[in-house]
Amino acid sequence: MKNVGSTFEYEDARNEDLMRAYKKALSESGGSAADVYRKVAEMPAQRFYVSEERAAIVISNIHKGRSIANMRANKREMYEEIYRRVLLLQKERPGDSIYDLTFEVVQQPAPKFYLTPESTRVLIHYIKKQWYEQRKKKLRHLFM
């Protein structure tokens with residue numbers, strides 16, 4: 001669980017990637033808003049949106065045989081995919097550490113965002129709200 005006041009170092013990149021996927025889903029969809037958010041959640045992402053350090057800790061624990069069964073399904077699925085890729089990369093480079101391999105894998109394109117459609121909806125509304133607030137601040141000086 002995140003600590004109060006902690007920040008996610010890839011938040012801006014993830015938000016840009018989410019908005020790219022959202023715009024694409026909107027242009028391709030004739031369905032409901034729920035369908036759009038579901039499609040966005042399932043679209044490929046430019047990377048795994050987890051810090052390299054956190055991923056390395058979790059992947060190291062999995063490699064040692066520790067269970068991640070208590071994680072939420074999407075997060076568990078993401079770490080399982082990262083671990084699968086780490087094992088494949090380890091066959092090519094057996095001398096590299098799990099830590100180094102994990103760092104490389106996390107930066108690869110991800111098959112999806114590993115978010116629920118509801119989380120996607122909340123994040124997109126938050127991103128839009130921030131964008132409107134920034135635009136409002138920029139335009140405010142024109143009317144004073």
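1. Tyr-114 is placed in the loop between H5 and H6, where helices (H or I, at least four residues) and strands (E, at least two) are DSSP runs numbered from the N terminus. In this predicted model, local features need pLDDT of at least 70 and side-chain atom pairs count only at pLDDT 80 or more, while totals for chains, interfaces and linings use all residues. Residues are numbered from 1 along each chain as its sequence is written, and side-chain values use heavy atoms, with hydrogens and water left out.

2. Most residues other than glycine have a negative phi. Tyr-114 is also buried, with a relative accessible area of 9%; buried means under 20% relative accessible area, exposed over 50%, and partly exposed in between (1.4 Å probe, protein chains only).

3. Asn-74, found in helix H4 (residues 73-92), touches Tyr-114 together with Lys-112, Leu-115 and Thr-116, not counting residues up to four places away in sequence; contact means heavy atoms within 4.5 Å. Asn-74 counts as buried because its relative accessible area is 19%, under the limit of 20%.

4. Turning to the chain as a whole, its secondary structure comes to six helices and zero strands, in the pattern α-α-α-α-α-α along the sequence. The C-alpha trace spans about 60 × 35 × 30 Å along its principal axes, and 35% of the 144 residues count as buried. Among contacts between residues at least 6 apart in sequence, 72% join residues at least 24 apart.

5. Helix H1 (residues 11-28) and helix H6 (residues 117-140) have axes that come within 10 Å and cross at roughly 105°, which makes H1 roughly perpendicular to H6. Here the axes are lines fitted to C-alpha atoms, for helices over the stretch in contact, and angles run from 0 to 180 degrees between N-to-C directions; angles under 35 degrees count as roughly parallel, over 145 as roughly antiparallel, 65 to 115 as roughly perpendicular and the rest as oblique.

6. The residues making this contact include Leu-18, Met-19 and Tyr-22 of H1 and Leu-123, Ile-124 and Ile-127 of H6. By class, the contact of H1 with H6 has seven nonpolar, three polar and three charged residues, where Ala, Val, Leu, Ile, Met, Phe, Trp, Tyr, Cys and Pro count as nonpolar, Asp, Glu, Lys and Arg as charged, and the others, Gly among them, as polar. Asp-12 also lies in helix H1 and is exposed, with a relative accessible area of 59%.

7. The structure holds five aromatic pairs, a pair being rings of Phe, Tyr and Trp (its six-membered ring) with centres within 6.5 Å, and planes under 30 degrees apart counting as stacked, over 60 as edge-to-face and the rest as tilted. One of them joins Tyr-99 and Phe-103 in a tilted arrangement, 4.7 Å centre to centre with 40° between the planes. Both residues lie in helix H5 (residues 98-106), four residues apart, about one turn of the helix. Tyr-99 is partly exposed at 44% relative accessible area, as is Phe-103 at 23%. The rings of Trp-131 and Tyr-132 have centres 5.0 Å apart and planes at 70°, so that pair is edge-to-face.

8. A charge is also placed over a ring: the charged end of Arg-47 sits over the ring of Tyr-10, 3.8 Å from its centre. The criterion is NZ of Lys or CZ of Arg within 6 Å of the ring centre and within 35 degrees of the ring normal.
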